Amino acid sequence: MLGIYLSGTGNTKHCIEKLIHLLDETAQAIPIEREDAVNELSKHDFIILAYPVQFSNAPIMVRDFIKQHSVLWKEKKVLCVATMGLFSGDGAGCSSRLLKKYGAKVVGGLHIHMPDSVCDVKLLKKSIEKNQEIIKVADKKIEKWAEKIKCSKYPKDGLYFYNRVAGFICQRFWCYRKTKDYSDKLKINHNCTGCGLCVRLCPMENLGLQNGRTTAGNRCTMCYRCISSCPKQAITLLGNAVIEQCRYDRYAKK
Ligand SMILES: Cc1cc2nc3c(=O)[nH]c(=O)nc-3n(C[C@H](O)[C@H](O)[C@H](O)COP(=O)(O)O)c2cc1C
Ligand code: SF4
Ligand code: SF4
């Protein structure tokens, strides 16, 4: 068993690490951008693929990863896990349909409600206590399903036709163009000190340093990792100012 995930602000990382650990203490969950991700994928028969939902779609980096390694999915057993701030309809279904096209046997879909990650938009902002409560409920759901998965019973979140209709009508129809391609809309303001943290963190290697300031390319997968970590709150994407940096580690009870 292997977990492969994309996580911008840490929610998905937490969820997949917890699930994998409960299922098999010896199994590991690795980020999709890690150099050995493809090699590890080829070695395992059961994959748990996890990612944050973006406008009721799987992030383009995840869709591209599936497509670029299409031959490796044949006959693999896959559980699709989608974390979300509110609602996705068919968040898990989006990758599941693609994986099936390449011969994967999708055994289930799991939707996990987590804190919102869009740091520069006011909508969905909650208090730390509320986010802690959301994480508590999410942890319970993961624990419940880990027990069932051990008995080969899988969740089917987001996999039914009506989920697909809901995802399409409520979000993809209106927002599809936002997730169709990588984004070139990242903005870096004059607060940037050129510390280089964002450059090191970006899973797409979309950021660089020039004349002591960060520059962004056009390969952003909108994960919000740089935006949620910049010590100067100098980066924005969908909005024009950071309202509050959203990171799982800010909410997690130690
Ligand atoms: C660009 C973008 C779009 C998002 N769209 C949705 C959405 O359509 N529905 C939803 O419930 N959450 C949405 N979210 C919230 C994230 O899916 C959610 O907070 C997720 O748990 C973040 O996981 P991460 O910390 O692993 O990146 C969106 C987040 C981003 C950055
Ligand atoms: S993390 Fe922030 S301050 Fe540091 S280089 Fe990136 S944008 Fe500039
Ligand atoms: S530029 Fe920032 S938001 Fe875009 S992919 Fe890189 S870390 Fe994620």
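I count a residue as buried under 20% relative accessible area, as exposed over 50%, and as partly exposed in between, with a 1.4 Å probe and protein chains only. The model is predicted, and I took local features only at pLDDT of at least 70 and side-chain atom pairs only at pLDDT 80 or more, while totals for chains, interfaces and linings use all residues. Residues are numbered from 1 along each chain as its sequence is written, chains are lettered from A and ligands numbered from 1 in the order in which they are written, and side-chain values use heavy atoms, without hydrogens and water.

I looked up Y224 and found a relative accessibility of 4%, so Y224 counts as buried. Y224 lies in the loop between strand 8 (213-216) and helix 8 (225-229); helices (H or I, at least four residues) and strands (E, at least two) are DSSP runs numbered from the N terminus. Phi of Y224 is near 70°, a positive value in a residue other than glycine.

I then listed what surrounds ligand 3, taking a residue as near if one of its heavy atoms lies within 4 Å. Y224 is in that list, along with L186, C202, P203, N206, L207, C220, T221, C223, R225 and C226. By class, this shell has 8 nonpolar, 2 polar and 1 charged residues. Here Ala, Val, Leu, Ile, Met, Phe, Trp, Tyr, Cys and Pro count as nonpolar, Asp, Glu, Lys and Arg as charged, and the others, Gly among them, as polar.

Ligand 3 takes up the space of the largest cavity. On a 1 Å grid over the protein atoms alone, a cavity is a set of points where a 1.4 Å probe fits but cannot get out, whereas a pocket is an open set with protein on both sides within 12 Å along at least five of seven lines. A molecule sits in either one if more than half of its atoms lie within 2 Å of the grid points.

**Entry: ligand 2**

I found ligand 2 in the space of the second largest cavity. Around ligand 2 are C192, T193, G194, C195, G196, L197, C198, T214, C230, P231, K232 and I235. I sorted these into 7 nonpolar, 4 polar and 1 charged.

**Entry: Q233**

Q233 is in the loop between helix 8 and strand 9 (235-236). I noted a phi near 50° for Q233, a positive value in a residue other than glycine. Q233 counts as partly exposed because its relative accessibility is 34%.

**Entry: ligand 1**

I found ligand 1 in the largest pocket. Helix 1 (11-23) and strand 4 (77-84) are the elements that give two or more residues to its shell. Of the 24 residues around ligand 1, S7, T9, T12, V53 and Q171 come nearest. The shell has 11 nonpolar, 12 polar and 1 charged residues.

I also checked ligand 1 for polar contacts, meaning pairs of N or O atoms within 3.5 Å. An oxygen atom of ligand 1 is 2.6 Å from a polar backbone atom of V53. For G10, the distance from a ligand 1 oxygen to a polar backbone atom is 3.1 Å.

N163 is in helix 6 (residues 161-180). With a relative accessible area of 12%, N163 is buried. A polar atom of the N163 side chain lies 2.9 Å from the backbone nitrogen of Y160.

C246 is in the loop between strand 9 and helix 9 (248-251). I read a relative accessible area of 1% for C246, so C246 is buried.

Methods. On a 1 Å grid over the protein atoms alone, a cavity is a set of points where a 1.4 Å probe fits but cannot get out, and a pocket is an open set with protein on both sides within 12 Å along at least five of seven lines; lining residues have an atom within 4 Å of a point. A polar contact is a pair of N or O atoms within 3.5 Å; within protein, one must be able to donate a hydrogen and the other to accept it, and residues adjacent in sequence count only if both atoms are side-chain atoms.
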